[in-house]
Amino acid sequence: MSSFQRWAFGLTVPAALLTICLYVVPILQVLALSFTEPTFGLGNYVEMFGSAAIGRVVRTTMIVSAVTTVLTIVMSYAVAFALVHMRPAARRVALFMVMVPFWVSVLVRAFAWITILRRNGVLNSALVGSGAIAEPLELVYNQFGVIVGMVHYMMPFAILLLYANLSEIDPRIIQAARSLGARPVTIFTRVWLPLSLPGLAIASLFIVIFSLGFLVTPAILGAGRVLMVAEYISVQISSTLRWGVATALSTTLLLVVGLLVAVAARSPALRAAFEGGRR
Amino acid sequence: MAFLDIRTLRKAYGSAIALDGVDLSINEGEFVTLLGPSGSGKTTLLMSIAGFTRPDSGTILLDGADITGVDPEDRNFGLVFQGYALFPHLSVANNIAFPLRVRKWDKARIAARVDEVMKLVGLDKLAARKPRELSGGQQQRVAIGRALAFGPKILLLDEPLSALDRKLRDTMQRELKRLHQETGVTFVFVTHDQEEAYAMSDRIAVFQNGNIVQIGSPREIYRAPASRFVAGFLGGNNILSAQTDGAQLDLFGIRMPMPAAYDRTRHGDGAITVWVRPEDIALGDVAPGAVCFSVKVADVSFVGTSERVTVITADGQELSVLAPSAIARELTPGSTATCALLPSAIGFLARE
């Protein structure tokens, strides 16, 4: 190690210490509670795997996360694909619009969706007023509302991840495919899609992990009727004070996410994404 | 009628004119090189032939049929890009098979053709490799094989050798020449490198500011550049001022009988411009009939097979001379030397 490298390494020590002392250690302490609260042993885990209520919460979490991921990826891919094909001036405006949601608090966005989606909200009023439907639709305080809110939250992240991947594809490769006689659909399925697999893999992983632990949006747009893991844990900790079960569930969630990352990191597509330019 | 006919093609990007009414006829099976400095319009013309650039006006005829508005995917021209543009996710064999799959050939026919093409471009042992596992020269061969696989009518090449080192470039030049002869496909090749153009082409079209300023065989263009630009662009030519009354020529303050190449109506009289090739000037030894003049040596630099000697003539003009090392080694900057020149080696440029 050169002295410059030693210095550079040394500069990361304070941040690392801070993270370990104030973040990693407390988390480990909390997770340890799952084995000690209320009594020492695996009781919390036995209860967790036996509980029908927790089973329902896990099922809801998996369904909402899966649907959110698929919808987010499909729609974000379309937006990112369009971004790559825009003229630079139009692209600057479009990228700005993609980023606007980042500046609005997630709480504000969730409540904004309620004003749009509730029974006498903006959307239902417009639909009933125009005579398209007779009765207002149930658009919020159910899985549909939660998924709308979550997809809206996730899309900017997915768009930026996919855009970064798609804009790295050499336009001459696409021209080459055209010069070889390929039509648009063939070029999309044989060239664009395979070359964007790394981006799709990393964006999907990101959205799945984000969805599994999502708290604010499901809590507000689900209003207790769509209970996902994060909200369930929060209720156990702050209301019912069943810390043992809550921390057992947290530990399991952390392990599942860790497992997902480990499996994904072995897939060739994701390895290519992490290796980036070395392709 | 020519095989590929380009008629008064124009293309402007904003106020920058890329093609200013280009006319060019290419015969079937010909190897034509578009040669010029960057920004002279040669690549714009190639991309117009490929179909990726839409000209503002003018027509492109293939075998008499207007293809100006035809999409690139319908033209059936092979295109080799600068940087090759191989499909990074496909193996060598699958890169070459791509245009065949697109054309829905059956499996056995594709396999046979891929084999044939890989032998043609000398890649038979690398079928399963991905492009990133190949050297630059091998990637080049894949790109050429892929563009030739489907039997295109024309192969368009956009500076394909510019990324290769010199030795590999020489090999690839011979390869391209061989492929041209073996396949009989019409080649249109873009380069800014005159030696590349000389080595491979049947004809060279020299570009300047969106126009073809001269077209002809390599020897014609080398021996008789049509303008000051062509004479200067084609490497190291000495462009000199001279005086004439129509009967005798004053060059370097020496009066000599007028060479036969001079034509008063085309080249004018009074102050005129002439060119002399560096290899046509002799240092020291004097051939019969040569004109001698003394010069001052300014610089001697080794260029491999010979030495490039820069000298200043009596009337203050700078002159570049190629001389054998044995002679040039004797010279030191600041010394005087004697040069000899056959009047027949003097070329005249048309009045502009």
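About 1,900 Å² of area is buried between chain A and chain B, and carbon and sulfur atoms give 65% of it. The model is predicted.

**Where chain A meets chain B**

- The contact brings together 18 residues of chain A and 24 residues of chain B.
- On the side of chain A, A:Arg178, A:Ser179 and A:Leu180 supply 34% of the area buried against chain B, more than any other three residues.
- Between chain A and chain B there are 2 salt bridges. A:Arg178 forms a salt bridge with B:Glu73, with the closest N and O atoms 2.9 Å apart.
- Across the interface of chain A and chain B there are also 5 residue pairs in polar contact, counting pairs with both residues at pLDDT 80 or more.
- Two elements of chain A, helix 9 (171-179) and helix 10 (184-195), each give two or more residues to the side that touches chain B. Helix 9 of chain A gives the most, with 7 residues.
- By class, the side of chain A that touches chain B holds 9 nonpolar, 4 polar and 5 charged residues.

**The two domains of chain B**

- Chain B is divided into domain 1 (4-228) and domain 2 (236-348). The contact of these domains takes 5 residues from domain 1 and 7 residues from domain 2.
- The C-alpha centres of domain 1 and domain 2 of chain B are 39 Å apart.
- Domain 1 and domain 2 of chain B bury about 580 Å² between them, with 41% of this area given by carbon and sulfur atoms. In domain 1, B:Tyr222, B:Arg223 and B:Arg228 lose the most area to domain 2, and together they account for 78% of what that side buries.
- There is 1 salt bridge between the two domains of chain B. The side chains of B:Asp280 and B:Arg223 meet in a salt bridge, at 3.5 Å from N to O.
- The count of residue pairs in polar contact between the domains of chain B is 2, with both residues at pLDDT 80 or more. The side of domain 1 that touches domain 2 has 3 nonpolar, no polar and 2 charged residues.

**Salt bridges within the chains**

- Side chains of opposite charge can pair when their charged atoms come close. Over all chains, the count of salt bridges comes to 21.
- In chain A, A:Glu138 pairs with A:Arg119 in a salt bridge whose closest N and O atoms are 2.6 Å apart. A:Glu138 lies in the loop between helix 7 (122-129) and helix 8 (143-166), and A:Arg119 in the loop between helix 6 (106-117) and helix 7, so the pair ties together parts that are 19 residues apart in sequence. A:Arg119 is partly exposed, at 42% relative accessible area.
- In chain B, the side chains of B:Glu30 and B:Arg203 meet in a salt bridge at 2.5 Å, N to O. B:Glu30 is in the loop between strand 2 (16-26) and strand 3 (31-35) and B:Arg203 is in strand 9 (residues 203-208), so the pair ties together parts 173 residues apart in sequence. B:Glu30 counts as buried at 9% relative accessibility, while B:Arg203 counts as partly exposed at 21%.
- B:Lys42 and B:Glu159 form a salt bridge through their side chains, at 3.7 Å from N to O. Both B:Lys42 and B:Glu159 are buried.
- B:Arg141, B:Glu175, B:Arg178 and B:Glu182 are joined into one network by salt bridges that share partners.

Conventions:
Residues are numbered from 1 along each chain as its sequence is written. Chains are lettered from A and ligands numbered from 1 in the order in which they are written. This is a predicted model: local features need pLDDT of at least 70, side-chain atom pairs count only at pLDDT 80 or more; totals for chains, interfaces and linings use all residues. Side-chain values use heavy atoms; hydrogens and water are left out. Domain bounds come from an automatic or database domain assignment. Contact means heavy atoms within 4.5 Å. Buried area is the accessible area (1.4 Å probe) that two parts lose on being put together, summed over both. A salt bridge is a side-chain nitrogen of Lys or Arg within 4 Å of a carboxyl oxygen of Asp or Glu. A polar contact is a pair of N or O atoms within 3.5 Å; within protein, one must be able to donate a hydrogen and the other to accept it, and residues adjacent in sequence count only if both atoms are side-chain atoms. Ala, Val, Leu, Ile, Met, Phe, Trp, Tyr, Cys and Pro count as nonpolar, Asp, Glu, Lys and Arg as charged, and the others, Gly among them, as polar. Helices (H or I, at least four residues) and strands (E, at least two) are DSSP runs, numbered from the N terminus. Buried means under 20% relative accessible area, exposed over 50%, partly exposed in between (1.4 Å probe, protein chains only).
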